Amino acid sequence: MKIFTFITLFLYARYVNINRKDKLNKKQEKLLKKQLSFVKENSPFYKNIKGSSLSEFPVINKKTAIDRFDDINTRGLNKEEVYDLAVKSEHTRDFKERIKGISVGLSSGTSGHRGLFVLSDEEIMSWAGYILGKMLPRGRVLFNRIAFFLRADNNLYEGLNNIFVKFVFFDLYKDEKENLKKLNSFSPTILVAPAAVLRALAKAQNQKYINISPIKIISVAEVLTKEDEEYIKKAFGKDIIHQVYQCTEGFLACTCEKGNIHLNEDIVYFEKEYIDSKRFIPILTDLKRKTQPYIRYRQNDILIESDKKCPCGCCFTVVEKIEGREDDIFIFEGKNGKTVKIYPDMIARCIVYVKNIEEYKVLQTSKSTIEVYIDNLEKNIKENIVKEFEILAQKKLFLFPEIVFKKYEREVNTKKYKRIERRFSSEEC
Ligand SMILES: [Zn+2]
């Protein structure tokens with residue numbers, strides 16, 4: 001029956017194009033009703049909820065999802081047990097062992113809590129069917145070779161091996177040269193990796209360490225900046241770098257054939273907490289997951305909505321950009337005494353507007369200090385960056401911070417790579 005689930009979801013994701021909002025709303029309503037009544041019956045955390053509409057369920061965050069893991073999951077799984085197995089699997093690199101027939105894994109979280117995920121075989125099959133249905137290149141359904149660069153393997157990805165694809169996992173903890181050699185001989189039709197790794201692979205391609213020509217390139221797990229996107233496109237001769245916005249909380253969005261990122265609103269219901277006219281924090285309700293339900297989960301990310309109608313015909317919300325973590329919004333002292341928030345995207349622009357910088361990272365370490373890591377520390381480059389920050393400070397009315405320049409060095413084996421990062425808590429303000 002599992003293969004049936006896979007094929008159904010595969011065909012659905014690939015060939016059903018929901019092109020009208022009213023159709024989508026109807027579908028969502030139906031799934032939502034079913035999901036909410038399921039969790040009320042099966043998840044101890046939700047059993048006392050009186051009403052049946054979504055607004056009567058509490059909005060939860062990552063901390064609650066982890067703290068109340070035992071109550072939320074519907075299979076009586078114990079957090080400590082799941083966590084121990086997930087850590088053990090990461091250490092031994094053997095991901096076969098399961099609990100009560102359920103696969104477990106840890107997310108590559110950046111701060112504090114690492115997320116736990118638990119999935120049944122049925123859920124893995126349905127996830128694999130949906131994601132492959134969406135992501136396999138048009139015109140080439142069979143015999144794809146997928147190279148997958150990740151920081152942790154798990155059972156989840158084994159669900160991907162089938163008649164459609166041969167899937168090879170590249171362990172980022174292994175030797176880089178070995179990986180490049182293996183990648184070159186594998187010659188993938190689809191290349192999947194975090195943005196920073198894609199960039200490194202693009203560089204290897206430019207320097208002729210590898211010579212591969214994937215049909216499709218998919219960026220996962222990290223924010224893909226505009227300039228990295230351009231660099232990767234050029235190196236591999238592609239018009240589109242696809243993005244998959246997928247995390248422990250689900251398969252949330254992906255790029256369509258026309259190059260726009262759509263929210264997967266047929267499997268996840270999104271409430272939008274707007275922080276300005278087009279930026280929002282998603283509060284998501286997974287419409288399908290049963291083992292570990294996600295109901296009104298506030299996803300700590302900032303998405304930028306687009307009002308564009310996509311020519312692909314799909315009516316799902318188009319996202320202009322996945323901007324990054326809410327935790328990475330920079331916080332400065334305002335000229336009027338209040339604090340001023342600056343989005344990661346605006347910080348990135350201060351660097352990329354300056355020519356001759358290839359690699360960078362900007363860290364905010366306090367309200368009045370930022371550290372700029374660049375690969376080119378020439379005097380005029382530093383001056384131009386300072387100028388860009390001055391313009392931003394004037395526009396946004398914040399007190400100009402101290403800028404410390406440092407030599408950029410590529411971080412290897414970090415959990416998640418970020419170009420723009422805030423390293424102090426907003427509560428310290
Ligand atoms: Zn589209």
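These are my notebook entries on a predicted model.

I started with the overall layout.

**Entry: the zinc ion**
Which protein atoms are the donors of the zinc ion? I found Cys256 (SG), His262 (NE2), Cys310 (SG) and Cys312 (SG), at 2.1 to 2.3 Å from the ion. I checked the angles among the four donor atoms next; they run from 104 to 116°, and the site is tetrahedral. Along the chain, the donors are spaced as C-x5-H-x47-C-x1-C. I noted that His262 and Cys310 link distant parts of the chain, being 48 residues apart. His262 sits in strand β9 (residues 261–263), while Cys310 is in the loop between β13 (301–306) and β14 (318–325).

Are these two buried or exposed? His262 counts as buried because its relative accessibility is 4%, under the 20% cut-off. Cys310 has a relative accessible area of 6%, so Cys310 is buried too.

**Entry: nonpolar cores**
I then looked for nonpolar cores. The largest has 60 residues, and the members touching the most others are Tyr46, Leu132, Leu136, Ile146, Val244 and Phe251. Helix α6 (residues 121–135) gives the most to this core, namely six residues.

Skipping neighbours within four places in sequence, I found Tyr46 in contact with Val39, Lys40, Phe57, Pro58, Ile60, Ile72 and Ile295.

I also found a second, separate core of 28 residues, with Ile302, Ile370, Val372 and Ile381 among them.

Notes
Residues numbered from 1 in each chain as written. Predicted model: local features only at pLDDT ≥ 70, side-chain atom pairs only at ≥ 80, totals over all residues. Heavy atoms only, no water. Donors = N, O, S within 2.8 Å, 3.2 Å for Na, K, Ca; no water. Tetrahedral: all angles 85-135°; square planar, octahedral: opposite > 155°, others 65-115°. Helix = DSSP H or I, 4+ residues; strand = E, 2+ residues; numbered from the N terminus. Buried < 20%, exposed > 50% of the residue type's maximum accessible area, 1.4 Å probe, protein only. Core = buried A, V, L, I, M, F, W, Y, C linked by side-chain atoms within 4.5 Å. Contact = heavy atoms within 4.5 Å.
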